[in-house]
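Thanks for coming. Please have a look at it first.

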Amino acid sequence: MASDGKGNLRELRNFVGGEFVASGSTFENVTPVDGTLISLVHEADRAIVDRAVDAARDAYYGAWGKLTTEQRCNLLYAVADGIEARFDEFVDAECADTGKPKSLASHLDIPRGAANFRIFADLIKSVGTEAYMQETPDGRGAVNYSVRQPHGVVGVISPWNLPLLLSTWKLAPAMASGNAVILKPSEETPTTATLLAEVMKSVGVPDGAFNVVHGFGPDSAGEFITTHEGIHAVTFTGETATGREIMKAASANIKALSFELGGKNPAIIFADADFDAAIDGTARSVFANTGQVCLSSERVYVERPVYERFVDTLKQRGEAMVIGRPEDSATQMGPLISREHREKVSSYYALAAELGAETVTGGGIPAFGDERDAGAYIEPTIFAGLGEDTRVQKEEIFGPVCHIAPFDDEDEAVAMANDTEYGLASVVWTTDLSRGHRVSQAMEAGINWVNCWFLRDLRTPFGGMGLSGIGREGGQHALNFYSEQKNICVKL
């Protein structure tokens, strides 16, 4: 049981107007590692969200809004420095909340979480504008130019799989653009958001420019944010079903919306691929972060000449995965985020078996004979033999699982890969460069890799098609969402 150093259970309060605020209701934050109670979290009621909106508006029209771009960016650089100064504390908090291996959190989540502030602070200072000379009937002409204006107050609703990284991926461009923000972290992973609030306060970010409200979705902080008249834009990463509800709730006030939603992503392996590289990449894209990555490959298609060998080798990789506690240096895979989520993933394992799938490996829950049995661990799993029209092939599972199937030619592979309502990511493995370009361009997905996975230039557009979301994040594309352009026409 985590404490404040004095034997008391740690409490995570909301952060509003530069102060930590208690509420009349708390909920438990339990680690999926072994079921231990980590902290009590204060759930924001409507009044606290109202206070956060008022504080954000005051900051936007006051101290935060009056800063120059350079002053604002210097504060964001200081936030990045502040995260790094408390690096171990952020790592430990992320691992306790999510159960992910410490090696992953220390090499990805926390470094990228800090880097996002530097990246967007750098970018905002180099953003240009557009201008046009216009001819007029009197021959004197006119000049048209555009300027960017922040929305004002932005609601940020972030997920639990990469808590700090994905929240700062939104917060950094929103704040660099001059908006004041209200962050609602997932109720499953509230701790690093609280640490980030402490950093914001310590480096001198004006009160109200950054706020944190804890809670859930319906009838809680999530709903209060999406329906609030004083919030001008909402950005959300999470499940497609939740995205639908947010869109409905936000429609009354015509808020700007950016959604990065679910995926049922395909990986296509051609017979001419670098076999070892394709195995390495596919193992990562299926099992990394216990499969709890929106970009994971849940549908794997392998050209028939190498199919059997690929299945056998990927099976060996899955069975060799070391499942354990975050702090164990040998751990490659931690638990799922919660026992509730494990029930969902397990239900798909059971459904696959019921439908007659071949269980290549896994399909169950590991038994350790120690405190981990109270956690939310699950076996890395590979299925085969199911039709493309089954629920297992159509619905996002969000666990360390894939279904693997053979194909005979390129057209068949493309057709199977695109047979989905989602459209977030795809991977193609081939040494034929022309084919790599051709097939990746045929994919109906927003993010497409050839001979790699999860390789990201943060300036590039990030987002999905279909049920995978609306809008694009990353680089200039993020700044386009977090600001509005207005035209000024000057008659000469």
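Start with strand 7, which is joined to strand 23 (residues 483–491) by nine bridges, the two running antiparallel. Strands and helices here are DSSP runs, E of at least two residues for strands and H or I of at least four for helices, numbered from the N terminus. Two strands pair if DSSP finds at least two bridges between them. Ala-142 has Lys-491 as its bridge partner in strand 23. Ala-142, in strand 7, is also the bridge partner of Gln-134. That belongs to the pairing of strand 6 (residues 131–134) with strand 7 (residues 142–150), antiparallel over four bridges.

Before going on, the provenance. This is a predicted model, in which local features need pLDDT of at least 70 and side-chain atom pairs count only at pLDDT 80 or more, while totals for chains, interfaces and linings use all residues. Residues are numbered from 1 along each chain as its sequence is written, and side-chain values use heavy atoms, with hydrogens and water left out.

Strand 13 (residues 265–269) and strand 19 (residues 425–429) pair in the parallel sense over three bridges, and Ile-269 stands opposite Trp-429 in strand 19. Axes are lines fitted to C-alpha atoms, for helices over the stretch in contact, and angles run from 0 to 180 degrees between N-to-C directions.

Now a helix pair. Helix 3 and helix 6 (residues 191–203) pack at about 155°, their axes 8 Å apart.

Lys-100 is in the loop between helix 3 (87–98) and helix 4 (102–124). Is Lys-100 buried or exposed? It counts as buried, because its relative accessibility is 2%; buried means under 20% relative accessible area, exposed over 50%, partly exposed in between, with a 1.4 Å probe and protein chains only. Its side chain reaches the backbone oxygen of Asn-161 at 2.9 Å and makes a polar contact with the side chain of Asn-289 at 3.5 Å. A polar contact is a pair of N or O atoms within 3.5 Å; within protein, one must be able to donate a hydrogen and the other to accept it, and residues adjacent in sequence count only if both atoms are side-chain atoms.

By contrast, take Ile-254, in the loop between helix 8 (240–251) and strand 12 (256–260). At 71% relative accessibility, Ile-254 counts as exposed.

The largest nonpolar core has 91 residues, and Phe-210, Leu-295, Phe-310 and Ile-404 have the most contacts inside it. Apart from it lies another core, of 26 residues, including Ile-182 and Val-213. A nonpolar core is a set of buried Ala, Val, Leu, Ile, Met, Phe, Trp, Tyr and Cys residues joined through side-chain atoms within 4.5 Å.
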